Amino acid sequence: MLVLPLAIVWLAAVPLALLDGRRRWVGWLAVAALGAGFLAMLRLAVAVFARGPVELVAGGWPAEVGITLRADALGVTFAVLSIGVLLAALAYETLGGVHERALPALVLFLATGLTGLFLTGDAFNFYVFFEIAMTSSFVLAGYGRRTRELRAALIFTVVNLLGSTLFLSGIAALYHVTGTLDMRGIATWAGVADQNSVLLIATIIFVAFGIKVGLFPFHFWLPPVYRDTWPAVAAILSGALANIGSYGLIRFGADLLPRELRFAAPALLILGAASVLYGALQAVAVRTASEALAYSAISNAGYILIALGIGGPAGYAAAILFAVVNSLNKTVLFLAAGLRGWLVSAAFAIGAFSVAGVPPSAGFFGKAALFRGGIAPDDPALSVALVALLFVGGALAFVYMFQIYQRDFWEREGAGQTSGIGSRILVLGLAGLVVAFGVWPEPLLAVSQQAAGVLNGGRP
Amino acid sequence: MIVLFALVVAILFGTGAYLMLKRDLIRVVAGIILISNAVILFIIAAGLTRGRAPIYPLPEGEPISDPLVQAMALTAIVISFGITALLLSLVYRVYTTRETVDKEDLSLAEAEDERQLEVERRA
């Protein structure tokens with residue numbers, strides 16, 4: 001059962017790579033394969049949430065020797081989310097007409113990498129799947145008919161490769177310190193190893209994932225890339241690929257190296273706050289929709305970091321909830337920004353309200369979870385600062401989202417060609433999901449709490 | 001030995017980082033190759049034991065080197081090889097569309113494109 005979601009997309013990706021993806025039936029075949037992978041993933045997720053983690057040692061090796069695949073609540077949450085986002089983006093692009101033959105296969109390879117890295121229990125295996133996902137996304141970033149995408153792809157590749165190599169050296173160093181690559185073993189042995197060396201490794205890994213998710217001092221690559229890539233690809237990068245960064249921060253921080261995470265909490269809070277404010281202020285200042293959305297992504301990555309800095313079960317649950325909601329928001333917004341027509345402006349408005357955290361959208365509960373985690377009775381100064389920051393960040397988000405809406409959807413109402421009805425309904429459906437999670441948030445809250453419960457640092 | 005490893009890794013990484021800041025895209029790619037090789041060397045240096053090659057039959061009473069880091073290094077070499085090919089093809093595509101591999105020229109060409117687009121939009 002654990003292998004099934006991985007095998008479906010992987011086996012489908014290989015023959016699809018040989019077919020011409022510009023033909024409509026090939027596109028729909030890829031959508032069907034990804035849909036089957038998504039259903040298998042959902043089935044696995046239901047089993048994991050009902051009966052606890054599922055484990056498998058690859059190749060029939062004894063445990064501790066072979067490579068472990070392990071699906072726990074945190075991993076399957078992110079896997080379902082990312083595959084869902086990929087499915088939506090691929091269906092969107094197929095509806096609009098694919099214009100490069102490799103796109104469907106690349107999205108499936110990306111899905112393979114993402115599924116693998118969310119379901120692995122081995123640090124080096126994580127890196128291998130991570131590279132599969134990154135390599136496909138490097139090619140995807142160059143997708144499009146304009147020459148601008150090419151430069152975006154180049155920037156994206158160079159900066160993220162640097163991040164990947166840093167991460168690899170972090171894994172090697174972790175192996176040297178703990179003597180194992182199994183994540184559970186690392187979590188056990190890193191806790192008793194020399195704190196100075198583990199702290200150094202934790203910093204390297206933090207920088208690597210910080211680059212991936214676009215946190216404040218490592219964000220420089222993100223705006224030009226998100227601005228210049230194709231809308232569906234931008235949705236994939238910010239809705240699915242950025243999940244690697246947030247998952248990595250949560251997994252390696254809160255699960256494997258919780259002692260170092262607690263130690264670095266003040267630094268995380270400061271960096272997170274800087275990220276939130278910098279991203280929001282820049283987003284207010286820039287003029288194009290996709291650039292503002294890129295800065296908004298930087299700003300929202302800051303919230304995840306703040307939630308991690310707050311720590312404890314409530315903080316980690318807030319981080320997971322916020323990462324899920326943020327990924328949904330960004331998918332809706334980037335996909336809607338590439339379309340025209342009246343259903344689309346409604347979808348965009350819902351996404352915008354969700355980013356600003358206005359009920360009844362899902363974004364409200366992301367922010368609410370942060371509030372709940374952020375109010376620490378023993379430290380009033382910190383609570384006041386956090387609440388003030390959340391208010392300022394939310395208000396700025398409201399300003400910049402409304403600016404985009406006004407410029408791109410109000411003023412140009414009726415201008416330009418109306419997009420196909422299929423893509424518009426798809427985007428509206430996604431927006432409907434955001435509202436549905438906002439109106440009925442209990443399942444999402446329960447999922448995030450259970451996912452936080454599997455973390456070593458998340459147990460009360 | 002560890003100091004030697006550290007020194008070589010540092011020199012490779014430093015040279016790679018320097019090349020990455022160059023204007024010429026081919027040098028940027030060369031910089032990335034150097035950095036990924038520095039990391040591969042670092043993986044080898046992270047091995048837990050040192051000694052004879054870990055091939056069966058194992059020598060009696062002598063230390064053998066850690067086979068796990070060698071497997072990791074091999075995987076990393078393959079991945080970095082693939083990535084390098086991809087990067088070079090990206091640079092080649094830049095060259096065929098823009099006829100330059102200089103970052104400054106690329107930015108200039110891009111700014112010119114933007115201006116053209118703006119003019120068309122006004123018209």
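**Exercise 1. Describe helix 5 of chain A: how many of its residues are buried, and what do its ends span?**

Step 1. Helix 5 of chain A is mostly covered, with 19 of its 19 residues buried. A residue is buried if 20 or more other C-beta atoms lie within 10 Å of its own, exposed if 12 or fewer, and partly exposed in between, the C-beta atoms being placed from the backbone. Helices (H or I, at least four residues) and strands (E, at least two) are DSSP runs, numbered from the N terminus.

Step 2. The end C-alpha atoms of helix 5 of chain A are 26 Å apart, which agrees with the 27 Å that its 19 residues should span at 1.5 Å a residue. The expected span is 1.5 Å times one less than the number of residues.

Step 3. This is a predicted model, in which local features need pLDDT of at least 70, side-chain atom pairs count only at pLDDT 80 or more, and totals for chains, interfaces and linings use all residues. Residues are numbered from 1 along each chain as its sequence is written, and chains are lettered from A and ligands numbered from 1 in the order in which they are written.

**Exercise 2. Determine which elements of chain A touch chain B.**

Step 1. The contact joins 24 residues of chain A to 24 residues of chain B. Two residues are in contact if their C-beta atoms, placed from the backbone, lie within 7 Å.

Step 2. On the side of chain A, the elements that give two or more residues are helix 5 (123-141) and helix 6 (148-178). Helix 6 of chain A gives the most, with 15 residues.

Step 3. By class, this side of chain A divides into 14 nonpolar, eight polar and two charged residues. Ala, Val, Leu, Ile, Met, Phe, Trp, Tyr, Cys and Pro count as nonpolar, Asp, Glu, Lys and Arg as charged, and the others, Gly among them, as polar.

**Exercise 3. Locate the two domains of chain A and describe the side of domain 1 that touches domain 2.**

Step 1. Domain 1 covers 1-263 and domain 2 covers 272-460 of chain A; such bounds come from an automatic or database domain assignment. Their centres, taken over C-alpha atoms, are separated by 21 Å.

Step 2. The contact takes 40 residues from domain 1 and 42 residues from domain 2 of chain A. On the side of domain 1, helix 3 (73-96), helix 9 (222-228), helix 10 (231-256) and helix 11 (258-263) of chain A give two or more residues. Helix 10 of chain A gives the most, with 14 residues.

Step 3. The domain 1 side has 27 nonpolar, nine polar and four charged residues.

**Exercise 4. Identify the residues that touch the most other members of the largest nonpolar core.**

Step 1. A nonpolar core is a set of buried Ala, Val, Leu, Ile, Met, Phe, Trp, Tyr and Cys residues joined through C-beta atoms within 7 Å.

Step 2. In the largest such core, of 214 residues, A:Leu86, A:Leu108, A:Ile320, A:Phe322 and A:Val332 touch the most other members. Its largest share, 18 residues, comes from helix 14 (residues 312-337) of chain A. Domain 1 and domain 2 of chain A each supply at least three residues to this core.

Step 3. Residues up to four places away in sequence aside, A:Leu108 touches A:Val9, A:Ala12, A:Ala13, A:Leu16, A:Ala30, A:Ala33 and A:Leu34.
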